[in-house]
Amino acid sequence: MTDTKPVLLIVEDDPGLQSQLRWHFDKYDVVVAPDRNSAIAAIRMHEPAVVLQDLGLPPDEEGVEEGFATIQETMRIAPNTKIIVVTGYHDYSNALRAVAMGAYDFYQKPVNTDTLDLIVQRAYQMWSLENENRRLHENKQNPLPGVIASDDRMSSVCRIIEKIAPTDVTSLILGESGTGKEVIARAIHGLSKRSDRRFVAINCAAVPENLMESELFGYEKGAFTGASKRTLGKVEVASGGTLFLDEIGDMPLALQAKLLRFLQERVVERLGGREEIPVDVRVVCATNKNLEQMAAEGTFREDLYYRISEMVIDLPPLRERGGDKALIARHLLQKFCEQLNKNIKGFTPEAMSAIEGYEWPGNIREMENKLKRAVIMCDQRNVGITDLGLPQHDDLSLNLRSVRQEAEKAAIIRAINMSDGNISAAAKLLGVTRPTLYDLIKKYSIHIQEN
C-alpha cells in the first residue's frame, strides 16, 4: 500500500475496460494486470487488499480455467485478499464456483461502476475489520511479558504463572534447552509484588565448582588469596527481589547442602565470615535434567529437590506447541527487522512450510538464530527458505475436510485397537452405532480382524 491510497488490483485483459475502471477508481492506487503471471507478480509486489478479477484471461479468453488458476494462486500467496470476480451475465455457476474457491464476492457484466464501487468499498471495509481483528488476536497471544503463545499447553502454563506469581512459592521450571525457561522466570518476577526489585540470575553450569559458593553467598575480606574486600553474593544482591538459579541440576552436591540450609532458614554466611545474614528473596530454579531420577540415583539431593519443587512448571518443546512456530517466527522477524533496520514483510509460503515442518531441536533459541540470520541475508520483501537455511518441506495440509477425515480415521483405528477388534465395543467408545462404524470403516478402507 502507498501512504495515501489503498491499492486496487484489476485483473482484466480488455484495454477499454481497463481504462474505464482505472479512471473510475481514482480514489485508489490502481494496478492493472492483463494475465495470470502479471497478476501474481502484482500480488507479490503491491500486496493489494482487494482484487477485481475477470475469469476470461489469455491465453484462454473464452474459457475460465486461467481465471480460476489465478484465484487459487492468489489465495495461496495472500489468503486474506478480497477477490471480487467479474463474470458474464449468464455465468452464475462459475461465480459460485469462484466464491467456493475463496473469492469474496462476484459481479456480473455489463459493468455498472456505481454498483461495483459499493462492492469494492464493502470489500475494503471487511478487509480492514479482519485485519484489525487479527491484530487484536495477536496481541492476545502475549499472555505474559515476553511470552508468545497460543498453544493450549502454553496457555495452561501462563495461567499457572498468573496464580503463583503473587505468592513466594519456590518454583522449578523444567524444559529442554532453549524453551525459554528464563523468560518464564522473568514473567513470574514481573507479575509478583517484587517486580520493582532486582531479578538476579546465575547459571549453575557456567560457574566453576570452586567459585560457586562465593558467587552465591559472597565472601569477607581475606577469606582467600585475592579477597581484598567484602563482596556480596548473588543471594544477598537479590534481596527483596527474585533469585533465578538456572541449570540447578549441575550444582555440586556439596553446595546443594548449603543451598538447602538457606532455603530452610533464609540466612546466609559469607565465605570466611561467621555472621548469619537474613535474606528475603524469592527463588526460582530451572533445569533441563530429570531431577527426580537424579535424586533416585543419588546425584541430586532428594530433600533439596522437594524443597525447590513446591510448584513445578513443565515447558513443552517448540515442536509440540501447535501453531506457535509461525506465531513466534513472525514476532522474531519483526523484532530483528527493527534491530537491523530491514524492511521485510513476511515469509514466502515455502519458508513458512519449512518453519512449521522443522522439528527445532534447539527450540526457540535455535529459531532466534535462524531468524536473525535470515533477516541479515534476505534481499527480498519476504524471507525465503534459502535465507532461513532450513530443509525444504512439503506444504502442510490445512484443508479442514482432510484434517477432519485424518482425525476421524485415526480415532476409529485407535478405538478398534483399544477394543481388540470388537466392533460393538469400538462403536460405544466412539459414540456411534455399529452400522455407522461399519460405514466409516468402509469409507476409510480400514482393514480389521473382528473377533
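A residue is called buried when its relative accessible area is under 20%, exposed when that area is over 50%, and partly exposed in between, judged with a 1.4 Å probe and with protein chains only. Ser424, at 32% relative accessibility, therefore counts as partly exposed. The structure discussed here is a predicted model, in which local features need pLDDT of at least 70 and side-chain atom pairs count only at pLDDT 80 or more, while totals for chains, interfaces and linings use all residues. Residues are numbered from 1 along each chain as its sequence is written, and side-chain values use heavy atoms, with hydrogens and water left out.

Ser424 belongs to helix α18 (residues 423-430). Helices (H or I, at least four residues) and strands (E, at least two) are DSSP runs, numbered from the N terminus. From C-alpha to C-alpha, Ser424 is 75 Å from Gly273 in space, and 151 residues separate the two in sequence.

Helix α15 (residues 363-377) contains Met377. Because its relative accessible area is 45%, Met377 is partly exposed. Together with Leu340 and Ile376, Met377 makes a nonpolar surface patch of about 270 Å². Patches consist of residues with over 30% relative accessible area and no salt bridge, like charges being joined within 9 Å and nonpolar side chains (Val, Leu, Ile, Met, Phe, Trp, Tyr) within 5 Å. A salt bridge is a side-chain nitrogen of Lys or Arg within 4 Å of a carboxyl oxygen of Asp or Glu. Accessible areas come from the Shrake-Rupley method with a 1.4 Å probe; for residues, only the protein chains shown count as cover.

On a 1 Å grid over the protein atoms alone, a pocket is an open set of points with protein on both sides within 12 Å along at least five of seven lines, whereas a cavity is a set where a 1.4 Å probe fits but cannot get out; lining residues have an atom within 4 Å of a point. The second largest pocket holds about 460 Å³ of space. Its lining has 23 residues, and the closest to its centre are Thr179, Gly180, Val183, Ile364 and Glu368. At least two lining residues come from each of α7 (181-190), α13 (324-340) and α15.

The count comes to one cavity of 30 Å³ or more. About 50 Å³ of space lies in the largest cavity, a volume being the space filled by probe spheres set on grid points joined across faces, edges and corners. Strand β3 supplies the largest share of the lining of this cavity, three residues.
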